[in-house]
Amino acid sequence: MENRPSPMDPHPSHLRASDSNREQVATVLGEAMSTGQLSHEEYSERLDKLYQAKTVGELQLLTHDLQTQPVTATSLSPSPATDSEAENVIAVFGGAERKGRWRVRRRTRALALFGGLRFDLTDAEFEAREAEITIVAIFGGADLIVPEGMEVRSQGIGIFGGFDVHSGPDIDPSAPVLVVKGLALFGGVNGKLRRRRER
């Protein structure tokens with residue numbers, strides 16, 4: 001008789017990983033880098049694997065050799081979702097802007113069609129450890145003002161346009177991670193680093 005895992009399985013390493021699971025592991029990896037257990041290169045490599053991991057067991061392997069509070073399958077077990085819905089920002093033949101102490105949701109979708117977008121993250125409050133902004137700029141543009149120390153992972157592409165968003169030279173492991181995705185078609189998506197002393 002086939003043994004199927006029970007819904008109350010105390011060792012759910014085979015279960016699919018959630019975004020909150022990845023956040024927990026990302027926090028542990030950041031602490032490990034800040035204490036010198038991981039080099040910046042090792043930290044980046046493990047982050048890459050973190051975003052590719054599909055199960056809780058794969059996430060556990062990323063922290064098993066670190067001298068931090070262990071991340072166990074039990075601590076990574078599924079929990080009720082608390083995420084808010086994705087925010088939609090649209091600029092069609094016009095402009096849209098987010099600045100000041102605005103709340104950056106886990107996911108933001110933005111469209112600039114013959115228009116312009118501006119996201120100033122300097123004083124923003126992040127809903128999650130990792131925020132994802134997907135921008136589609138068609139005959140339009142988008143500017144992101146990124147505070148010093150924030151890690152930015154650019155996964156967008158430019159077709160007859162540009163997609164130029166990147167981190168500064170120094171990464172703060174305690175700062176949120178920004179993932180920028182999308183497409184610039186006859187348009188541009190640009191990032192600007194704002195140093196702490198700039199206003």
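## Largest pocket

The largest pocket holds about 290 Å³ of space. The model described here is predicted. A total of 15 residues line the largest pocket; nearest its centre lie Asp19, Arg22, Tyr51, Glu130 and Glu132.

Charged residues account for 10 members of the lining, alongside 4 nonpolar residues and 1 polar residue. At least two lining residues come from each of three elements: α1 (19–34), β7 (130–138) and β12 (177–185). Of the contributions to the lining, the largest share is that of α1, with 4 residues.

## Parallel sheet

An open sheet is built from 5 strands, arranged in the order β2-β5-β8-β13-β11 with parallel pairing.

## Pairing of β5 and β8

Strand β5 covers residues 116–120 and strand β8 covers residues 141–147. The two strands pair in the parallel sense, and 5 bridges join them. At the level of individual residues, aspartate 120 stands opposite isoleucine 145, which belongs to β8.

Note on methods:
Residues are numbered from 1 along each chain as its sequence is written. This is a predicted model: local features need pLDDT of at least 70, side-chain atom pairs count only at pLDDT 80 or more; totals for chains, interfaces and linings use all residues. Side-chain values use heavy atoms; hydrogens and water are left out. On a 1 Å grid over the protein atoms alone, a cavity is a set of points where a 1.4 Å probe fits but cannot get out, and a pocket is an open set with protein on both sides within 12 Å along at least five of seven lines; lining residues have an atom within 4 Å of a point. Grid points are joined across faces, edges and corners, and a volume is the space filled by probe spheres set on the points. Ala, Val, Leu, Ile, Met, Phe, Trp, Tyr, Cys and Pro count as nonpolar, Asp, Glu, Lys and Arg as charged, and the others, Gly among them, as polar. Two strands pair if DSSP finds at least two bridges between them.
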